[in-house]
Amino acid sequence: MPGQLYKSAAIVGAAEANEIGFLAEPKTSLQLHIEAIKNLSNQTGVPISKIEGVFSTGWSSELCEHLGIKPKYIDTTAVGGCSFEMHVHHAMAAIHSGIIDIALVTHGENGFSARKIGGRGTGNYGRGAGVASPAAEMSMAYGLGSAPSNYAHAMVRHMHRYGTTTEDYAHIAKVTRDWATLNPRAAMYSKEKHPFGGPISVAQVEESRLIAWPLTILHCCMVADHGGAVLIASPKVAAGLNTKPVWLAGAGESMGHANMLEMEDFTATSASRSAEAAYTMAGMGPGEMELAMIYDSFTITAAITAEMLGLAAPGEGHTLWKDGHAAPGGRLPINTNGGGLSFNHSGMYGMPLLIEAYRQLSGTAEDGVHGDVGKQTSAKTCIVNGTGGALSTTGTLVLVADD
Amino acid sequence: MTYNKPIPTRGTHTVPFWEGAKEGKLMLPRCQDCNRVHWYPRFICPHCHSTNLEWVEASGEGKIHTYAVQHLVFGPWEPEAPYVTAYIDLNEGDRMLTVLRGVDPQKPEDIKIGARVKVEFEQANEDTYIPFWRVIEE
């Protein structure tokens with residue numbers, strides 16, 4: 001009996017860059033990609049704007065931004081020369097499952113031109129090493145580097161548009177720290193654990209050291225060490241295990257841009273689209289979410305994302321924290337582990353979000369200390385949203401507890 | 001004085017931009033099919049996916065879209081901190097990043113989103129002039 005993916009998709013066109021071989025005039029990997037994609041579009045009659053999934057080795061978001069498209073399936077599997085066969089496999093699965101209908105698998109690698117201008121296969125576009133893209137070429141002169149140096153621009157625009165203040169966002173840092181004080185595993189659990197740990201006030205957040213105005217250091221996540229993993233299993237396998245399953249009810253992904261230079265609206269992220277897909281798959285809405293795990297690289301990230309997920313109206317994301325709803329005992333607990341702000345953030349925080357969501361919905365998040373009940377909530381549903389890059393890419397999951 | 005900040009490493013398709021900069025001109029890529037300007041420079045129009053692109057001289061004027069003040073900085077820009085970075089809405093459309101001139105980084109609240117700015121070029125080496133934007137005194 002054929003497998004589930006049998007005849008679930010077909011290759012409908014194949015094209016190459018305008019010139020291939022030993023090019024007299026060197027070209028960048030990016031240009032070779034774009035030429036091939038344009039030719040494929042011409043050959044098949046499928047407009048580039050209709051592409052729904054993009055698969056490439058290592059830099060799909062950069063490619064999509066260059067093309068001006070915002071796909072709902074993004075894959076950058078880069079494991080060597082066989083990656084493209086894997087891309088096709090992944091695309092089949094994505095199509096079979098109904099997430100997308102049209103997938104682009106693309107390749108550009110200036111193996112010969114690289115001798116003259118640098119570059120190669122998994123990215124790299126310019127002359128010499130380290131030039132990621134034309135966006136980098138046009139940004140690298142201007143003294144930006146770290147995440148806060150970028151994210152601060154979004155906070156200023158959000159304040160301008162909605163009249164929000166740094167104090168509004170400071171509540172997010174304060175409340176998230178309150179959660180951390182219930183979690184002995186949190187880096188900022190207590191003064192004993194870390195000199196800067198333990199409860200903080202809104203005023204302390206406001207008055208702490210400036211990193212990139214208006215972001216003070218307490219508006220920023222930490223950079224610590226973290227490792228984690230989750231196991232996903234079929235319902236059949238799950239039924240035979242002693243651990244409680246937490247069901248994946250919905251999933252979605254999207255992107256706005258790769259570089260902040262291309263962020264259309266500094267007060268919004270693609271989480272609105274990834275969440276819509278996840279809610280639709282789950283047949284649920286934001287009103288049914290009883291817990292939220294939101295990537296809080298910065299307070300502004302959490303505020304904007306809460307708005308994108310439909311948990312608060314545009315411009316009012318911060319009120320979830322300011323009015324106490326997100327706090328211990330509130331109607332919609334958010335970042336119950338203490339968040340990237342006060343629990344742990346190693347650079348990429350997507351895994352801690354998943355771990356805490358699992359612990360909460362499986363009833364294993366008690367972490368009770370000081371004779372308190374701890375951080376375990378009674379939530380049966382949870383929305384999880386990860387944000388990557390410079391408010392660039394988003395992935396959203398809707399999780400539901402076992403009955 | 002020698003320019004000691006990062007100097008952009010160039011691609012293959014941005015020559016007209018850097019040549020224009022040498023002459024004090026802000027050159028922008030424009031699509032000949034949909035007539036829209038885009039920034040940063042592409043191999044393909046991100047709006048209509050045409051590859052009929054051309055370079056046009058821009059007005060060199062725009063407005064502040066948003067900004068921030070960089071306090072914690074590592075590398076060549078560190079001695080300049082604090083300084084103001086900003087995204088500029090170009091009069092022709094789309095947006096550029098800059099280190100903003102003509103503003104006081106100690107008074108970020110006084111900087112106005114929507115304030116008019118004009119481009120100027122600083123020589124970084126024999127071959128490279130880098131655009132920066134300055135707030136126009138009203």
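Predicted model: local features only at pLDDT ≥ 70, side-chain atom pairs only at ≥ 80, totals over all residues.

Me: What makes E4(A) and strand E3 of chain B a pair?
Reply: Two strands pair if DSSP finds at least two bridges between them. E4(A) and E3(B) (residues 61–70) are joined by 2 bridges, so they pair. They run antiparallel. In this pairing, A:Trp213 has B:Val69 as its bridge partner.

Me: Why is H7(A) called roughly perpendicular to H11(A)?
Reply: Helix H7 (residues 166–180) and helix H11 (residues 299–308) of chain A pack at an angle of about 100°. Angles of 65 to 115 degrees count as roughly perpendicular. The angle falls in that range, so the word applies to H7(A) and H11(A). Their axes are 9 Å apart.

Me: Which residues meet where H7(A) packs with H11(A)?
Reply: H7(A) brings A:Tyr169, A:Ile172 and A:Ala173. H11(A) brings A:Thr299, A:Ile300, A:Ala302 and A:Ala303. The contact of H7(A) with H11(A) has 6 nonpolar residues, 1 polar residue and no charged ones.

Me: What makes E6 and E7 of chain A edge strands?
Reply: The open sheet of 4 strands in chain A has the order E6-E9-E8-E7, with mixed pairing. Strand E6 (246–255) and strand E7 (292–294) of chain A each pair on one side only. Neighbouring strands of this sheet are turned by 10° against each other on average, direction ignored.

Me: How do you know that E8(A) and E9(A) pair?
Reply: At least two bridges are needed. Strand E8 (residues 381–388) and strand E9 (residues 393–401) of chain A have 8, so they pair. The sense is antiparallel. A:Val384 stands opposite A:Leu397 in E9(A).

Me: In which order do the strands of the parallel sheet of chain A stand?
Reply: The order is E2-E1-E3, in an open sheet of 3 strands. Its edge strands are E2 (73–75) and E3 (103–105) of chain A. Strand E1 (residues 53–55) of chain A pairs with E3(A) in the parallel sense over 3 bridges. There, A:Phe55 stands opposite A:Val105 in E3(A). H2(A) packs on the sheet and touches E1 and E2 of chain A.

Me: Where do the two domains of chain A lie, and how many residues are in contact?
Reply: Domain 1 covers 29–137 and domain 2 covers 210–401 of chain A. Their C-alpha centres lie 29 Å apart. 9 residues of domain 1 are in contact with 15 residues of domain 2. H2(A) supplies the largest share of the domain 1 side, 4 residues. That side divides into 4 nonpolar, 1 polar and 4 charged residues.

Terms used: Residues numbered from 1 in each chain as written. Chains lettered and ligands numbered in written order. Axes fitted to C-alpha atoms, helices over the stretch in contact; angles between N-to-C directions. Parallel < 35°, antiparallel > 145°, perpendicular 65-115°, else oblique. Contact = placed C-beta atoms within 7 Å. Nonpolar A, V, L, I, M, F, W, Y, C, P; charged D, E, K, R; others polar. Domains from an automatic or database assignment.
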